[in-house]
Amino acid sequence: MDKSVLLKVNHLKKTFVKKTRTLLKRKKTDVFAVNNVNFEIRKGEILGIIGESGCGKTTTARMVMRLMKETSGEVWFDGVDLCKLKESETNKIRKKMQMIFQDPYDTLNPGMRVVDILMEPLNAHEKKLEYEEKVKLVKEAIESIKLKPAEDYMYRYPHQLSGGQRQRIAIARAIILKPSFIAADEPTSMLDVSVRAEILNILLELRKKMGLTMMFITHDLSTASYMCDRIAVMYQGRIVEIGPTQKIIHVPSHPYTKALVSVVKDLNYFIKNRERLILDGEVDATREAVGCSFVTRCPHQVSVCHSKSPKVESLGNGHEVACHCHADLLERTS
Ligand SMILES: Nc1ncnc2c1ncn2[C@@H]1O[C@H](COP(=O)(O)OP(=O)(O)OP(=O)(O)O)[C@@H](O)[C@H]1O
Ligand SMILES: [Mg+2]
């Protein structure tokens, strides 16, 4: 594996079995939550994963973080295939990989004080440290997420903090072991708009200071464009387009990416003359597409889209798209 790459995901799949029960019979339906996903993240880079609800973003992150077993595929981290590790070996790697979740209310134990919450990972992974040394690290972590002085916050319970402060504590817990990789799953979507920018800036600052590599999941393209070096666009369990942020925003090539870009007001303020494109319907992960997964909603579909799954094609400079019609669409818009 290329030494500049920290995380590489190959052909990752997760199929859930959904059990439903009607009056007369039980039925099992496959849910193709993640369906052959491939990407890599270089050291120090932030890769954004965007896509609408149910497209498989969280499932991908949970498999990468080893919080969920894959149906098939590989997750290479720092030259090691995590899917082949035993539980005890995975625990050692966990120290280097941390996750920040969407809901800080859910992730912090309401019965523990901030100091105890932050002490937990140190007690698990840094057993040799003296108590005073751990307290020092706790204070440093709290101050690095801009809650100063740390003593004012460390003896509080989560309910004595605001939503934004709680998410900062969740970030402090994620960085206290000095990981090299962070997966942030919609870390600001539950927060008030006024504190979102602060949290994003703290993450960007930590990335710079600690040389962090990040996988940043969001629904919101303008947040992704602010945070990410590259963006992967997911649709129904697959990556349909991936590339440098500027390419995704200024030259979106998949009809789904075009639709996403066209409805973001903040982006279109800068990108003039772009037609708004509203999609009907929603992601249906129980349908394994024979052809292109987007065909039921695509305004540009042709007959081949119904019968053949599109291959991933390179557009140069790390920009890739999986769409039968992307070349025609490019001609039409140029
Ligand atoms: N444990 C589970 N059992 C069955 N189906 C699941 C399970 N977890 C997720 N799914 C299904 O897998 C698909 C992908 O879910 P996932 O949570 O990864 O989507 P997401 O992109 O993170 O969505 P959101 O933006 O709403 O968080 C959905 O159809 C979801 O219903
Ligand atoms: Mg999710």
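A residue is counted as buried when its relative accessible area is under 20%. In the predicted model described here, Thr 60 has a relative accessibility of 1% and therefore counts as buried. This residue is placed in helix α1. Beyond residues up to four places away in sequence, Thr 60 touches Val 34, Val 37, Phe 39, Met 215 and Met 234.

For Thr 59, a polar side-chain atom is found 2.5 Å from an oxygen atom of ligand 1. For Gly 56, a polar backbone atom is 3.1 Å from an oxygen atom of the ligand, and for Cys 55 a backbone N or O atom lies at 3.2 Å from a ligand oxygen atom. Of the 640 Å² of accessible area that ligand 1 has on its own, the protein covers 64%.

In contrast to the buried Thr 60, Asp 30 is partly exposed, with a relative accessible area of 36%. Between Asp 30 and Gly 243 the sequence separation is 213 residues, and their C-alpha atoms are 30 Å apart in space.

A further threonine, Thr 218, belongs to strand β8, which comprises residues 213-218. Its relative accessible area is 7%, and Thr 218 is therefore buried, given that the cut-off lies at 20%. The side chain of Thr 218 reaches the backbone nitrogen of Asp 220 at a distance of 2.8 Å. With neighbours within four places in sequence left aside, the contacts of Thr 218 are Ile 49, Ile 50, Gly 51, Lys 57, Glu 186, Thr 223 and Ala 224.

At the level of the whole chain, two domains are assigned: domain 1 covers residues 5-96 + 180-333, and domain 2 covers residues 107-176. The C-alpha centres of domain 1 and domain 2 are separated by 31 Å. Their contact involves 15 residues from domain 1 and twelve residues from domain 2.

Helix α4 extends over residues 114-125, and its buried residues are Val 114, Val 115, Ile 117, Leu 118, Met 119, Pro 121 and Leu 122. These buried residues pack against three helices, namely α5 (131-144), α6 (151-154) and α7 (163-175). In helix α11, formed by residues 255-262, eight of the eight residues are buried, so this helix is largely enclosed by the rest of the structure. The buried residues of α11 are Pro 255, Tyr 256, Thr 257, Lys 258, Ala 259, Leu 260, Val 261 and Ser 262.

Note on methods. Residues are numbered from 1 along each chain as its sequence is written. Chains are lettered from A and ligands numbered from 1 in the order in which they are written. This is a predicted model: local features need pLDDT of at least 70, side-chain atom pairs count only at pLDDT 80 or more; totals for chains, interfaces and linings use all residues. Side-chain values use heavy atoms; hydrogens and water are left out. A polar contact is a pair of N or O atoms within 3.5 Å; within protein, one must be able to donate a hydrogen and the other to accept it, and residues adjacent in sequence count only if both atoms are side-chain atoms. Accessible areas come from the Shrake-Rupley method with a 1.4 Å probe; for residues, only the protein chains shown count as cover. Buried means under 20% relative accessible area, exposed over 50%, partly exposed in between (1.4 Å probe, protein chains only). Helices (H or I, at least four residues) and strands (E, at least two) are DSSP runs, numbered from the N terminus. Contact means heavy atoms within 4.5 Å. Domain bounds come from an automatic or database domain assignment.
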